[in-house]
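Have the sequence and the coordinates open as you read.

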Amino acid sequence: MPNAKLEGFYKDSERYPSAMVNVTNHCNLSCRHCFIFREGNPNEVPLSIRDEMADDAMLLTLKELRDRHGIKSMMWMGGEPMLRNKLLRKGIKLFKSNTITTNGTVPLIDFGPDLLYVISLDGPEEYNDSIRGEGVFRKVIKNLEGLPEGFKSPFQVQSVVTKFNQHMLEELVIQLMETPVRWMTFSFLVPTAGGESSPDAWQTNEEREEAVRIVMSLKEKYPGFVRNTGRSLELMLSPYAERVTNACLARANILPLYLEGDHFTTPFCCYGNDVDCSRCGAWAVFHIAAKQERNGVVSWEE
Ligand SMILES: C[S@@+](CC[C@H](N)C(=O)[O-])C[C@H]1O[C@@H](n2cnc3c(N)ncnc32)[C@H](O)[C@@H]1O
Ligand code: SF4
Ligand code: SF4
């Protein structure tokens with residue numbers, strides 16, 4: 001397939017029920033924790049989006065990858081995917097299930113009830129804006145408040161928990177409950193292998209435990225609003241966390257497609273190349289782990 005180079009762990013012969021695709025490396029924000037723009041990741045940004053892979057070539061490549069790997073569910077990402085909304089309109093028709101993860105600053109489009117928007121906000125207004133940019137929180141909420149009556153695509157918020165915002169999460173929940181947002185999930189930072197100096201990263205999973213317990217208590221207090229499952233959070237604690245990340249089911253189930261010039265390439269995992277698996281807190285990893293356990297496919301007990 002000329003426009004898709006599968007590397008390392010990812011094989012032409014494998015089946016992947018899900019995939020994530022960066023449809024553009026352009027972004028109108030520059031968030032402090034963003035893994036996309038880390039050194040060593042495929043993230044080249046040409047001057048114009050028009051110089052990235054053309055819509056037709058991308059759609060054809062995604063269709064071929066869908067058929068070869070049995071991809072049912074597509075997570076549309078970037079950069080900021082809504083900057084290529086014409087492509088998304090056609091792309092979502094290729095897959096049974098679709099999620100667009102967006103920074104929410106670009107107006108949402110009604111793609112119907114089967115499309116889920118995941119909108120990223122990383123803390124209450126002041127903290128979010130310190131990481132995502134001045135005025136971003138208000139802009140996102142204004143966009144959501146301005147959605148026309150009868151807007152069919154459901155939306156949720158996703159917030160990345162870090163060492164820096166772990167004590168502000170309830171404030172975020174309270175702020176969001178006063179907006180059109182009806183539910184949210186917490187993901188946890190995926191640090192670089194050498195990211196010890198980052199103010200956002202915990203040094204160890206033991207140090208992260210307090211943050212996980214904070215989210216567990218929010219789940220108990222606001223069960224309908226916080227959608228992480230109890231077991232997926234429990235799996236982030238000792239002794240489970242490293243058992244789960246050592247056998248990362250996200251890597252086995254989700255094909256990551258990063259844009260590199262005129263083709264896609266597969267990095268180490270959805271979070272790129274320079275990642276510390278032992279401290280990974282990605283929502284998907286623990287969500288899939290809990291789900292597969294529930295279905296009797298794996299056990300995380302010894
Ligand atoms: C890379 S962004 C791309 C889509 C869109 N621009 C957005 O911000 O939602 C996808 C998601 O990854 C999250 N993210 C960024 N850096 C992260 C990190 N180091 N660890 C965990 N999640 C991260 C973002 O907050 C966002 O929810
Ligand atoms: S908006 Fe998304 S892609 Fe853009 S810098 Fe922020 S996290 Fe990264
Ligand atoms: S960083 Fe997380 S998602 Fe990536 S392979 Fe490691 S455990 Fe899996």
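## Ground rules

For sorting residues, Ala, Val, Leu, Ile, Met, Phe, Trp, Tyr, Cys and Pro count as nonpolar, Asp, Glu, Lys and Arg as charged, and the others, Gly among them, as polar.

What you're looking at is a predicted model, where local features need pLDDT of at least 70 and side-chain atom pairs count only at pLDDT 80 or more, while totals for chains, interfaces and linings use all residues. Residues are numbered from 1 along each chain as its sequence is written, and chains are lettered from A and ligands numbered from 1 in the order in which they are written.

A residue is near a molecule if its C-beta atom, placed from the backbone, lies within 6 Å of it. Ligand 1 has 17 residues around it, with Phe 35, Thr 101, Asn 103, Ser 120 and Val 190 the closest. Helices (H or I, at least four residues) and strands (E, at least two) are DSSP runs here, numbered from the N terminus. By type, the ligand 1 shell holds eight nonpolar, eight polar and one charged residue.

Around ligand 2 sit Cys 27, Leu 29, Ser 30, Cys 31, Cys 34, Ile 36, Gly 78, Gly 79, Glu 80 and Asn 103. For ligand 3 the shell has 13 residues, and Cys 248, Cys 269, Val 275, Cys 277 and Cys 280 come nearest. That shell splits into 11 nonpolar, one polar and one charged.

## Arg 132, a buried charge

Why does Arg 132 count as buried? Because 25 C-beta neighbours fall inside 10 Å of Arg 132; the cut-offs are 20 or more other C-beta atoms within 10 Å for buried, 12 or fewer for exposed, and partly exposed in between, with C-beta atoms placed from the backbone. Arg 132 belongs to helix H3 (residues 125-132).

Leaving out residues up to four places away in sequence, Arg 132 touches Leu 29, Cys 31, Asn 103 and Asp 122; contact means C-beta atoms, placed from the backbone, within 7 Å. Leu 29, Cys 31 and Asn 103 are also among the residues around ligand 2. Cys 34, also in that shell, is 98 residues from Arg 132 along the chain, yet their C-alpha atoms are separated by 9.5 Å.

## The nonpolar core

A nonpolar core is a set of buried Ala, Val, Leu, Ile, Met, Phe, Trp, Tyr and Cys residues joined through C-beta atoms within 7 Å. The largest one has 76 residues, and Ala 19, Val 21, Ala 250 and Val 285 touch the most other members. Helix H10 (residues 283-294) supplies the largest share, seven residues.

Take Ala 19: beyond residues up to four places away in sequence, Ala 19 touches Leu 65, Ile 71, Met 74, Ile 254, Leu 255 and Leu 257.

## Helix packing and a cis proline

Helix H5 (residues 169-177) packs on helix H6 (residues 205-221) at about 35 degrees, with axes 10 Å apart. Those axes are lines fitted to C-alpha atoms over the stretch in contact, and angles run from 0 to 180 degrees between N-to-C directions. Leu 169, Glu 170 and Val 173 of H5 meet Ile 214, Val 215 and Leu 218 of H6, a set of five nonpolar, no polar and one charged.

Most peptide bonds are trans. Ser 238 and Pro 239 are joined by a cis one, with omega about 5 degrees. Pro 239 sits in the loop between helix H7 (230-234) and helix H8 (240-246).

## Partly exposed spots

Thr 179 is in the loop between H5 and strand E7 (184-188) and counts as partly exposed, with 14 C-beta neighbours inside 10 Å. Thr 179 touches Ile 141, Leu 144 and Glu 145, not counting residues up to four places away in sequence. From Thr 179 to Ile 141 the chain covers 38 residues, while the C-alpha separation is 7.0 Å.

Over in strand E4 is Ser 97, partly exposed with 15 C-beta neighbours inside 10 Å. Lys 72 and Ser 73 touch Ser 97, again not counting residues up to four places away in sequence.

Note on methods: Two residues are in contact if their C-beta atoms, placed from the backbone, lie within 7 Å.
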